[in-house]
Amino acid sequence: MSRLTPMMKQYLEIKEKYKDHILFFRLGDFYEMFFEDAEIASKELEIALTGRDCGLKERAPMCGVPYHSADSYIAKLIDKGYKVAICEQVEDPSKAKGIVKREVVRIITPGTIIDPSMLNEKVNNYIMTYIENENGIGIAYADITTGELKTTDFKNLESKKKVLDEIMKISPREILIREDFDYNSSILKDIQKNYNVLITKYYNRAFEYKNSEDIIKKHFNIFSIDSFGLNDRKLCVIAVGSLLDYIYETQKVPLLHIDKINIYNYDKYMILDKFTRTNLELLETIRGKDKRGSLLWVLDKTCTSMGARTLRKWIEEPLIEIKKINDRLNSVQILYNDVILRSELRELLSKMYDLERLSSKIVYGNVNARDLISLKTSLKVLPEIKSKLSEKKFELGKIFEEIDELKDIYNLLEESIVDDPPLSIKEGGIIKSTFNEKLRELRSAITDGNKWIIQLEERERKNTGIKSLKISFNKVFGYYIEVTKSNIKNVPDTYIRKQTLANSERYIMPELKEIENKILTAQEKIVDLEYELFNEVRNTILNNVNRILKTAKNIASLDVLLSFAEVSSIYRYNKPKVNNSKIIELKNARHPVVERVAGEELFVPNDTLLDDDENRFYIITGPNMAGKSTYLRQVALIVLMAQIGCFVPAEKAVIGIVDRIFTRVGASDDLSQGQSTFMVEMSELSNILNNATKNSLIILDEIGRGTSTYDGLSIAWAVIEYINDTKILGSRTLFATHYHELTELEDRIKGVKNYCISVKESGDDIIFLRKIIRGGADKSYGIQVAKLAGLPKKVIDRAKAILKKLETNDINNKRDYKDREIAAINLLEDTPDNTSDYINEKLNEKQINLFDYKSSEIINELKNVDIINMTPMDAMNKLFELVKKAKAI
Ligand SMILES: Nc1ncnc2c1ncn2[C@@H]1O[C@H](COP(=O)(O)OP(=O)(O)OP(=O)(O)O)[C@@H](O)[C@H]1O
């Protein structure tokens, strides 16, 4: 019969409770995994699978990872969708009687991981709860590193699209739902389609109102949830309560840094849907998913990780409240004007470590002495930062008020921790002797002991006459006296021999052991005392962690404002005027990213004037590659930059704030989701038409391109009419298109204006001028662009020939009636259908020459047709009809 070792017995008991998790079982300096967990970990982490004798018949499969580098292994497993339970020794092994007590101290899931690689990327990691019932939808989400906790509710179930956008914006890594909630028929299914998120089913009771209310009251130590303004927001209460329940269940530490509930209204910020965030390449490029080439890349001159995280958030949440926007802009102005202040503040900020990361380490109890030194270094600069902000106004004034200098914490650290402490507390030497009298005494006991040893050595040399006698120390015997073989005859009887080496003998003596005992006891006591004192310091900081986090938040905002000022100064941005008008007026504006990539001197600036009257809707034509998309995005990005409080790349900018920016740009395939390119385009378009308001800015780049020309053209035409109807939308819109027919709309609809991006012909080639000018473009130059792209000459020549034929026959390319008429006749003649064959036959039979008729009969009738007020398709059909009629005579 096999007999389980006590350690394995303990392991199996714990594992029984954490069946769904990979159990990281702490053994000395390693986390070990056994059985199935070991097999999974070995495969997923590519580490060796070995075995351990545990008293079972066969060795238990086992693998291990070092304690100090466990974070990255855990992150890898989490990334692959596993949950990890961390089992630690909760008792000092040296004092344990029998087997060391172990417990699961933390459960790590995608939403609760403090993943160092994510922190390096400077993004937040959110865990969210989602609750849906007949009253609406409630969400709450938290970042357990920063302690941020936010909640909102959506009362009307109609607004599911908004909920979807909001959740996509937050992009939590894990969403908790009630066990019995069928999420397959909810918007969570759409979220899962869009990106990799873990949906965790959590027990139903956690989502009961009473349970949630109790947890909130207990956590925040309040009598009534009214203090957070939650009294009439049941969905928020449930969302927050269940979230806290889960975080407690998994983290198993007092979550002191989650110290407030931020209830927000999702419409406090400009709404940017998923497509728009992607299309405008706010945080990463569409193709490479790279930060380089995004707006974030241009604007990020932050000095701290906290600032970098906040900048991301600001970019994703432009403001819509004019006062707040101007508070930021005015603060940027101060920092922009005062170059010295800016560089001094940036210099100070660059000395700061990630206070949010350090705070979370303090909360989780895994802070080491070097972290505390980093904290001290960071706190040291606070008073100077604060003093530089005194008497400043706007956002800077608020930051000044809210920065806590944390002098008490700084002093505590300065008094307690040595400047260059070792990593591990076990090594000792972390706490300054001056911090604690007892510690000082113990340390001087050691110094005295060492002195005695030197004196003893001197005395023994004298007494024995052995000049080379020396006292040394090793871990096996402690202190010993060493005498070379040639001097052994002089060794006194009182020495006790311990070891014989090739050339010498080692001895001990009672007096030496007495001193040794004193030194070693003092050393042991010092380790214990230092540990105790370190915990005291840590706990004091823990009790003040919210002050640190509040200051961190303000430092982060300051960092972003400084970054805005810095960027504005280097790249020559100017302060926009933000107001309530419906005007967007830009003078010599540039695309913030393209000008960086293409080279500032090569970028051609352009103007814009949009209002809610004569200039509401731009129809922008121009050859491929002319710069239409760049222009469109440039306007949208500048509006967004202004509303996050940054200066803009334009000589002058007036921005009447917009509530949403919508974009429909190019063909973004979504084939993996079972939708065709055209279908995706149409769903994005319908989202825009259903959700835009008169205060929105709409950017449409070549809609209707993914289908047949006439269908596409007709859709585009109808969309323009719809958006321009002030009774329906009347949103400010920029519309780039290759359908030249749409330029006819300028004469028909008030508010529509034609623009084109100019080019110059040079022989067979074109030169891009990049300047936007009034009027429609006359040609597409697609073939010239294709030539530039290096298509074989044979293809280009053939394309030209085909184009010529098409142009002569394409009624839609003709500007006046006569041209259209001739085109229509040609088209008919070319049409290989039975009707035209038949008509031609008839004409031949009758020996009628069509060209005798075309100018007289048809033109007369055409004069009575109101072609201007017809769609191009109707016009063509009419002409067809007339020509057929003419031919039939
Ligand atoms: N104002 C400008 N100054 C300098 N270069 C520009 C400017 N606008 C655009 N460009 C350059 O021209 C390239 C093509 O621009 P863009 O993609 O906007 O053209 P487009 O008219 O939308 O083309 P298509 O119709 O083929 O989509 C850009 O990548 C950019 O490098």
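Trainee: Which residues are in contact with Ala626, leaving aside its neighbours within four places in sequence?

Mentor: Two residues are in contact if their C-beta atoms, placed from the backbone, lie within 7 Å. On that basis, Ala626 is in contact with Ile757, Val759 and Phe768, once its neighbours within four places in sequence are left aside. Please bear in mind that this is a predicted model, in which local features need pLDDT of at least 70, side-chain atom pairs count only at pLDDT 80 or more, and totals for chains, interfaces and linings use all residues. Residues are numbered from 1 along each chain as its sequence is written.

Trainee: Where does Ala626 lie?

Mentor: Helices (H or I, at least four residues) and strands (E, at least two) are DSSP runs, numbered from the N terminus. Ala626 lies in the loop between β21 (617–621) and α23.

Trainee: Why is Ala626 called buried?

Mentor: A residue is buried if 20 or more other C-beta atoms lie within 10 Å of its own, exposed if 12 or fewer, and partly exposed in between; C-beta atoms are placed from the backbone. Ala626 is buried because 25 other C-beta atoms lie within 10 Å. Lys628, in helix α23, also counts as buried, because it has 25 C-beta neighbours inside 10 Å. Not counting residues up to four places away in sequence, Lys628 touches Ile620, Gly622, Ala736 and Ile757.

Trainee: How many residues surround the ligand, and which are the closest?

Mentor: A residue is near a molecule or strand if its C-beta atom, placed from the backbone, lies within 6 Å of it. Here 14 residues surround the ligand, and the closest are Asn624, Gly627, Lys628, Ser629 and Thr630. The elements that give two or more residues to this shell are α22 (594–598) and α23 (628–644). The largest share, three residues, comes from α23.

Trainee: How do the residues of the shell divide into nonpolar, polar and charged?

Mentor: Ala, Val, Leu, Ile, Met, Phe, Trp, Tyr, Cys and Pro count as nonpolar, Asp, Glu, Lys and Arg as charged, and the others, Gly among them, as polar. The shell around the ligand holds seven nonpolar, five polar and two charged residues.

Trainee: What does UniProt place at Gly622?

Mentor: UniProt positions are given in the numbering used here, feature names are shortened, and annotations may be inferred rather than shown by experiment. According to the unreviewed UniProt entry, the feature "binding site" is at Gly622, Pro623, Asn624, Met625, Ala626, Gly627, Lys628 and Ser629.

Trainee: How should I read a sheet?

Mentor: Strands of a sheet pair through backbone hydrogen bonds, either parallel or antiparallel. In this reading, two strands pair if DSSP finds at least two bridges between them. Seven strands form an open sheet in the order β13-β23-β24-β25-β21-β26-β27, with mixed pairing. Its edge strands, β13 (271–272) and β27 (765–774), each pair on one side only.

Trainee: How many bridges join β24 to β25?

Mentor: Five bridges join β24 (residues 697–701) to β25 (residues 732–736), and these strands run parallel. Ile698 has Thr733 in β25 as its bridge partner. Helix α24 (residues 677–691) packs on the sheet, where it touches β23 (660–665) and β24, and its direction makes about 160° with that of β23. For such values, axes are lines fitted to C-alpha atoms, for helices over the stretch in contact, and angles run from 0 to 180 degrees between N-to-C directions.

Trainee: Which strands form the antiparallel open sheet?

Mentor: Four strands form that sheet, in the order β14-β15-β17-β16, and the pairing is antiparallel. The edge strands are β14 (470–474) and β16 (496–500), each pairing on one side only. From one strand to the next, the twist averages 40°. Helix α19 (residues 437–464) packs on this sheet, touching β14 and β15, and its direction makes about 140° with that of β14.

Trainee: What is the secondary structure of the protein chain?

Mentor: The protein chain comes to 32 helices and 27 strands. Of its 889 residues, 39% are buried.
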